[in-house]
Amino acid sequence: MKLIIVVGGWEFSIDVGPQEPVLEIKQKIQHLLNIPVASQTLTIWGWEIIDGLDMEDYPIITNGTKIHLTINPLPLSIDQNNAKIHIIVKFSTKKISIEVDKTETIRSLKEKIHIIDGTPIKRMALYFSGKEMDDDFRYLYDYGSIADNSEIIVYLKNASRMIVDPPPRRVNFIVQTSSCLLNAACIPLEMTDSGTVNDLKELLLSSKILPFDDYIFIHKQRIMRFNCSLRWHGVENGDFLYVFKGTITPAAG
């Protein structure tokens, strides 16, 4: 499919595959425009497209979708030739090796771990050299001693819930429907956080807020799983959930 890249008042198209990683798209842009990958931020409708994901992780991106490119200055301390490293992510029972870029965020690293291992992002606490890594837009290069084969430890928050599950609580959130696929609307809802995404869908259908159809729900740039609870997805008061018509199907081999 073709994507339209919009930058600085002009646009151009590039061909991408359904399973093509976001990082490879940035590499194509670097080849065409000589803009370093680390200087690129790609967004759609104000959402940043995360390096650790593929096109199939964003069902809202289809042929002809416009992606906005923002060019950011490189940190002076980063040598682009040495930005790629492999780190060891250590769990309580195993270790995995992940290739990362020093210019990516802690959030992006958590996204990669989630994709590889399935650990809920909301429950992750990452530690390096005995200190928790800050999730608020901190970059790997902020931890200057991270290098090839550095070890980052994953702790799970609220581990005690495996023994006693905390009681359900009510959460208030907004369901935002797509202006291009549905009549755009912001729908305030309240549910217990133990309810699943499928429960949410049934509520919207039974209330005739949505017509009967197949839908995809997205929370903080992640496709939500129908059999998982709002708590599992980390939904908090005031969060937005985005709904689009469609289904998730495996890409052809």
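## Basis of the description

Helices, of at least four residues, and strands, of at least two, are DSSP runs numbered from the N terminus. The model described here is predicted.

## The five-stranded sheet

Five strands form an open sheet with mixed pairing, and their order is β12-β11-β15-β13-β14. The edges are taken by β12 (186-192) and β14 (222-223). Each of these two has a single partner strand, so one side of each lacks a neighbour in the sheet.

Within this sheet, strand β13 (residues 215-219) and strand β15 (residues 240-245) run antiparallel and are joined by five bridges. Which residue of β15 stands opposite isoleucine 218? The residue in that position is tyrosine 242.

## Loop residues with positive phi

Lysine 208 is located in the loop that connects α3 (197-206) with β13. The phi angle of lysine 208 is positive, at about 60°, although the residue is not a glycine. Is lysine 208 buried or exposed? Residues over 50% relative accessible area are classed as exposed; lysine 208 has 75% relative accessibility and therefore counts as exposed.

Asparagine 149 belongs to the loop between β9 (131-132) and β10 (151-156). Its phi is near 70°, a positive value in a residue other than glycine. With a relative accessibility of 56%, asparagine 149 counts as exposed.

Key. Residues numbered from 1 in each chain as written. Predicted model: local features only at pLDDT ≥ 70, side-chain atom pairs only at ≥ 80, totals over all residues. Heavy atoms only, no water. Pairing = 2+ DSSP bridges. Buried < 20%, exposed > 50% of the residue type's maximum accessible area, 1.4 Å probe, protein only.
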